Amino acid sequence: MKEGIHPEYRKVVFLDTSSDFKFLTGSTRSSNETIEWEDGNTYPLIKVEISSDSHPFYTGKQKADKVGGRVDRFKKKYNMK
């Protein structure tokens with residue numbers, strides 16, 4: 001492998017902001033925020049909006065605001081119902 005062309009691979013903590021679920025994994029992403037993990041070490045913190053803990057495919061729960069099609073949402077938005 002060539003030197004200096006690959007990003008640094010390190011342990012990071014991902015935080016699901018919708019459910020406060022955290023998990024430690026390897027990644028090339030970097031962050032200015034850090035968090036102390038259960039093992040006592042400090043890792044970069046990366047916030048995500050959805051993870052396996054909150055995604056409907058994994059949880060089996062559909063969000064209520066996603067029901068209805070485009071037309072229904074348009075009519076609701078402009079009070080046409």
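Predicted model: local features only at pLDDT ≥ 70, side-chain atom pairs only at ≥ 80, totals over all residues.
**Stop 1: the nonpolar core**

Select Val13, Leu15, Ile35, Trp37, Tyr43 and Leu45. These six residues form the largest nonpolar core. Next, colour strand 1 (10-16) and strand 4 (42-48): these are the elements that give two or more residues to this core.

**Stop 2: Ile35**

Stay with the core and select Ile35, one of its six residues. Which residues does Ile35 touch, not counting residues up to four places away in sequence? Show Val13, Tyr43 and Leu45, then Lys22, Asn41 and Thr42; with residues up to four places away in sequence left out, Ile35 touches each of these.

**Stop 3: Ser51**

Move on to the loop between strand 4 and helix 1 (56-59), where Ser51 is found. Is Ser51 buried or exposed? Ser51 counts as buried because its relative accessibility is 9%, and buried means under 20%. Now display the side chains of Ser51 and Asp16, which are joined by a polar contact of 2.7 Å.

**Stop 4: His6**

Finish in the segment before strand 1, where His6 has its place. The relative accessible area of His6 is 47%, so this residue is partly exposed; that class lies between the cut-offs of 20% and 50%. Then select Thr28 together with His6. How far apart are His6 and Thr28 in space, C-alpha to C-alpha? The distance is 9.2 Å, while in sequence His6 and Thr28 are 22 residues apart.

How values were computed. Residues numbered from 1 in each chain as written. Heavy atoms only, no water. Core = buried A, V, L, I, M, F, W, Y, C linked by side-chain atoms within 4.5 Å. Buried < 20%, exposed > 50% of the residue type's maximum accessible area, 1.4 Å probe, protein only. Helix = DSSP H or I, 4+ residues; strand = E, 2+ residues; numbered from the N terminus. Contact = heavy atoms within 4.5 Å. Polar contact = N/O pair within 3.5 Å; in protein donor to acceptor, adjacent residues only side chain to side chain.
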